[in-house]
Amino acid sequence: MTTTALSLKETELATDKAFSDLMQAILQRYHEEQVWSDKIRNVSTYAGLAGLLVNLIVFVGAIAFVEPWKRKRLVERLEERIEEMMGRVEGSIGHLGEKVEKDMAALRSQAGAGGAELLETTSTIPAEQAPMPATTPLATMPILSPLSKSLERISPYLDKVTPPSRDRDIAFTAGCGAVLGVTMTALGLWLGR
């Protein structure tokens, strides 16, 4: 029995030592994993900061250098296009001016001296003093010409309220159409009862 107790004691000591060694190995492994985790966390933090710094440098560089360069290039292209357009407009105006001068000279030569004076006086009449056309602006629109006849009868009364214009005539016609539409709808509803 003493040998069994002795062997039990040795086995318990061996088990305790093995358990102790196992716990020491687990603690050492845990400590190493903690060290590696800290290193990885530090590297990740520095990599995130480096990426943020690179983005900041790119952003500031774009604002400080790329955008002014693009704006300058855009302004230069716009100025070139405006110059081209102004050149075309000036050429067209010059061409029209020459044509008007030729036409005026031709009219003067055809009209003679008396006609030239009449031509000079009629070309200098201000727009306010120019005679108004006999027909309303709606008369020139083929679809609305039946309406323009009734509008010509009402036109003297409208002239007292607003000056003659195409917008006034269209607004008046639209108003009459709206009143007629509401009336016809109400009549249709009343008859439908």
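Predicted model: local features only at pLDDT ≥ 70, side-chain atom pairs only at ≥ 80, totals over all residues.

Colleague: How many helices and strands does the chain have?

Modeller: The chain contains three helices and zero strands. Read from the N terminus, the order of elements is α-α-α.

Colleague: And what share of the residues counts as buried?

Modeller: Of the 193 residues, 7% are classed as buried. The accessible surface of the chain amounts to about 16,700 Å². Carbon and sulfur atoms account for 67% of that surface.

Colleague: Let us turn to charges. How many salt bridges are there?

Modeller: The structure has four salt bridges. In general, side chains of opposite charge can pair when their charged atoms come close.

Colleague: Which residue pairs with Asp21?

Modeller: Lys17 is the partner of Asp21, and their closest N and O atoms are 3.7 Å apart.

Colleague: How far apart are Asp21 and Lys17 in helix H1?

Modeller: Asp21 and Lys17 are four residues apart in helix H1, so about one helical turn separates them.

Colleague: Is Lys17 buried or exposed?

Modeller: Lys17 is exposed, because its relative accessible area is 55% and the cut-off for exposed is over 50%. Asp21 has 44% relative accessibility, so Asp21 counts as partly exposed.

Colleague: What does Arg41 meet in a salt bridge?

Modeller: The side chain of Arg41 meets that of Asp38, with a distance of 2.9 Å from N to O. Arg41 and Asp38 are three residues apart in helix H1, and therefore about one helical turn lies between them. Both are partly exposed: Arg41 has a relative accessibility of 48%, and Asp38 has a relative accessible area of 35%.

Colleague: And which residue forms a salt bridge with Lys70?

Modeller: Lys70 pairs with Glu67, at 3.7 Å from N to O. Lys70 and Glu67 also lie in helix H1, three residues or about one turn of the helix apart. Lys70 is partly exposed at a relative accessible area of 41%, and Glu67 is partly exposed at 36% relative accessibility.

Colleague: A change of topic: which residues form the nonpolar patch on the surface?

Modeller: That patch consists of Leu53, Leu56, Ile57, Phe59, Val60 and Ile63. Together these residues have about 590 Å² of accessible area.

Colleague: Where is the place of Val60?

Modeller: Val60 is located in helix H1, which covers residues 2–123.

Colleague: Which residues make up the negative patch?

Modeller: The negative surface patch is made of Glu76, Glu79, Glu80, Glu83 and Glu84.

Colleague: Where is Glu80, then?

Modeller: Glu80 is in helix H1. With 47% relative accessibility, Glu80 counts as partly exposed.

Terms used
Residues numbered from 1 in each chain as written. Heavy atoms only, no water. Patch = residues over 30% accessible without salt bridge, like charges linked within 9 Å, V, L, I, M, F, W, Y side chains within 5 Å. Areas by Shrake-Rupley, 256 points an atom, 1.4 Å probe, with all protein chains shown as cover. Helix = DSSP H or I, 4+ residues; strand = E, 2+ residues; numbered from the N terminus. Lys, Arg positive; Asp, Glu negative; His and termini not counted. Charge placed at Lys NZ, Arg CZ, Asp CG, Glu CD. Buried < 20%, exposed > 50% of the residue type's maximum accessible area, 1.4 Å probe, protein only.
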